[in-house]
Amino acid sequence: MPSLFRRLAAGLAFALPLAVAAQPSADHHQHLFSPPIIDLIKPGPTGPQLLSADDLVGHLDKAGIRRAAVMSVAYMFGRPSRVIEDEYGKVKAENDWTAAQVAKYPDRLRAFCGFNPLKDYALAELERCAAHKHLRHGIKMHFGNSDVQLDKPEHIARLKEVFRAANRHRMAIAIHLRASISLKRPYGEAQARAFLEQLMPLATDITVQVAHFAGAGPGYEDPPANEVMRVFAEAAARRDPNTRQLYFDVASIATPDITPEHARAMVQRIRMVGVDKVLYGSDAVTPTNMHPREAWAAFKALPLTKEEIERVAGNVAPYLR
């Protein structure tokens, strides 16, 4: 398969001839990978590899990006299909490892605490993180990994507890909202409305960031995610109060080989949501993911105007300011 560099150099047929000099002020979606996580997922040579804060900062420097949000992947220990001895102990250790890494670059990196919100220890970990100097800024949840289903009343009830507690502690929330693809969980308009109408009213004082434009990435070829974003975009366009604190990151959605059709669909959603609601992110640096520099080049190739690209580049979420 051609390298990302060759594909980027070749250019995209739909790209506008823009000369955009702006670099993103921040990358709102990054991860680090500890030795215990690598041992857990056993990714092989094409999957995630050990990745420290030193490694990440090197990649950010190459992209000219000053700051980044680092989302702990501690929720991986809480995946329902796994049986983990001392699961909560490992969740705490992973969050603490992420915090210690971020502490090396306090002016550049900010950590989010990770956990499965459906676990019995979820609220206890939220409270622990809220009291931690380097974990108090935000929470990362991965609904696909944790098998959260927004059409289940018991899941909504637990999420309401998490949202209330996060709002009370002024902890931002970042969510991989896409329901499990491997388990074929329902995902579409009903789930988007449940999220907007039942959860967002509880986030009155905090940023809620939906990752990957409500998809999973890489790419923007997921019809259910596009349907969810349609609901969100229409709500934002009519200034629904439940979208006031709602933001969307574009991590790994724009790729060098995105089709013109999907590029136009993505741009349409960006414009409906409003560029002020769009946060740049590039996702974890892995052998098969784009690095921050290449991810920004792919995003700039979308058929957005120069002014729109520069607005997205300059957007910085409140938790990073």
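Modeller: Gladly! Let us begin with a term: a disulfide is a pair of cysteine sulfur atoms within 2.5 Å. Please keep in mind that this is a predicted model, where local features need pLDDT of at least 70, side-chain atom pairs count only at pLDDT 80 or more, and totals for chains, interfaces and linings use all residues. Residues are numbered from 1 along each chain as its sequence is written, and side-chain values use heavy atoms, with hydrogens and water left out.

Biologist: How many disulfides does the structure hold?

Modeller: In general, a disulfide is a covalent bond between the sulfur atoms of two cysteines. The structure holds one: Cys 113 pairs with Cys 129, and their sulfur atoms are 2.2 Å apart. The torsion about this S-S bond is about 55°, so the disulfide is right-handed.

Biologist: Are Cys 113 and Cys 129 buried or exposed?

Modeller: Buried means under 20% relative accessible area, exposed over 50%, and partly exposed in between (1.4 Å probe, protein chains only). Both Cys 113 and Cys 129 are buried.

Biologist: Now to helix pairs. At what angle do helix 4 and helix 5 pack?

Modeller: Two packed helices are described by the angle between their axes and the distance between the axes. Axes are lines fitted to C-alpha atoms, for helices over the stretch in contact, and angles run from 0 to 180 degrees between N-to-C directions. Helix 4 (residues 87–102) packs on helix 5 at about 25°, with the axes 11 Å apart. Angles under 35 degrees count as roughly parallel, over 145 as roughly antiparallel, 65 to 115 as roughly perpendicular and the rest as oblique. Helix 4 is therefore roughly parallel to helix 5.

Biologist: Which residues make the contact?

Modeller: Contact means heavy atoms within 4.5 Å. Helix 4 brings Tyr 88, Val 91, Lys 92, Asn 95 and Asp 96, while helix 5 brings Ala 124, Glu 125, Arg 128 and Cys 129. Cys 129 also belongs to the disulfide.

Biologist: What is the angle between helix 9 and helix 10?

Modeller: Helix 9 (residues 223–237) and helix 10 (residues 260–273) pack at about 30°, their axes 8 Å apart. These two helices are therefore roughly parallel as well.

Definitions and conventions
Helix = DSSP H or I, 4+ residues; strand = E, 2+ residues; numbered from the N terminus.
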